[in-house]
There are 2 protein chains.
Amino acid sequence: MSAPDSIETLIDLMARLPGLGPRSARRAVLHLMAKRGMLLMPLAEAMAEVARTARDCLNCGNIGTADICPICADEARANGLLCVVEDVADLWAMERSGVFKGRYHVLGGTLSALDGVGPDDLRIPQLARRIEAEAISEIILALGATIDGQTTAHYIADQLEGRVALSSLAQGVPVGGELDYLDDGTITAALNARKRM
Amino acid sequence: MSAPDSIETLIDLMARLPGLGPRSARRAVLHLMAKRGMLLMPLAEAMAEVARTARDCLNCGNIGTADICPICADEARANGLLCVVEDVADLWAMERSGVFKGRYHVLGGTLSALDGVGPDDLRIPQLARRIEAEAISEIILALGATIDGQTTAHYIADQLEGRVALSSLAQGVPVGGELDYLDDGTITAALNARKRM
Ligand SMILES: [Zn+2]
Ligand SMILES: [Zn+2]
């Protein structure tokens, strides 16, 4: 390789992003250098800014720039509904659909015997505490229709049975599908047709 | 969207990289935030470092960290052979094959009537000057087997006819293929079987 060390380092780091391999990382870095002022420098600054300011909401696990995210800080969203999602990408997908007006709880993954992920590795203990603290009347389990997603939903339903109304997204979520890959209409339909568990 | 502005900015910039669309950019940014210390901060620093130090070699167009790149600065590579490539990705592909011991000339693209790219938009004028300055005995036109690549090769061959021996990569470059996507063995075979023009 004849690229300078600093560029090799950048290529190696870029290749660790999901969706980019070594070859596409090289292409991306050459593109960045061709657009040094318009893209490389702004991107370096945007990353440094996010690294400095972004943090997990202490209440729900959403990403924001303060200890409490804008959704948790918004009293208008304290309507007694809590939507449980696997990760922040799913929260963003729900928000894009614009149909849900309550608050979220980001688990940070799903239970997985295979990967050794147990309840304490996720934000499951914090979920129960929010029921009283925020006067939650219904928890909507908006988890993917995968085996791990459904295992997680049933685990949570077992834990909270009798303490709060529980529902899950039903119609529209394709088997094996993940929320982040659904269009807004499908998410809206699934939420409106949610079924009691 | 409920992502903070700083994260939206980062997603928008990432989506401008080749190979990443809006959705994969969002996934990549979430991955970056999950690996803040291990990936996001190092990447921000690597980009800033490259933005600050990387520049085009004044002689050949290769990317380095000085006015003259390591290949042009290496007297051992002044063997009278000059390999003309379209872009730096192709130079790196040649270097990975390890078979070429001379110097390079990076055109910065190919002639294209459609895109309005003429000889003065590429490093073609500088090429003629290097023949005497570096006692070049043979110029190898290592351009892609695309219409624009071959048009460019013929244009350069016409310009330099009688002033220097000219050859082109022949065997092994698939029709419509680009150098950067070839394996090392194919590049080696194509270089060894180069034919006079
Ligand atoms: Zn929150
Ligand atoms: Zn050079």
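What is the site of the zinc ion (ligand 1), with angles of 104 to 113° among its 4 donor atoms? The site is tetrahedral, a label given to four donors if all angles lie between 85 and 135 degrees. This is a predicted model, in which local features need pLDDT of at least 70, side-chain atom pairs count only at pLDDT 80 or more, and totals for chains, interfaces and linings use all residues. Residues are numbered from 1 along each chain as its sequence is written, and chains are lettered from A and ligands numbered from 1 in the order in which they are written.

**Zinc site**

- A:Cys57, A:Cys60, A:Cys69 and A:Cys72 coordinate the zinc ion (ligand 1) through their SG atoms at 2.3 to 2.4 Å; donors are N, O and S atoms within 2.8 Å of the metal (3.2 Å for Na, K and Ca).
- The spacing of these donor residues in sequence is C-x2-C-x8-C-x2-C.
- A:Cys60 lies in the loop between β1 (55-56) and β2 (63-64) of chain A and A:Cys72 in helix α4 (residues 70-73) of chain A, so the pair ties together parts that are 12 residues apart in sequence.
- Helices (H or I, at least four residues) and strands (E, at least two) are DSSP runs.
- A:Cys60 and A:Cys72 are both buried, meaning under 20% relative accessible area with a 1.4 Å probe.

**Lining of the largest pocket**

- α2(B) gives the most to this lining, with 5 residues.

**Lining of the second largest pocket**

- α2(A) provides the largest share of this lining, 5 residues.

Technical notes
Heavy atoms only, no water. Tetrahedral: all angles 85-135°; square planar, octahedral: opposite > 155°, others 65-115°. Buried < 20%, exposed > 50% of the residue type's maximum accessible area, 1.4 Å probe, protein only.
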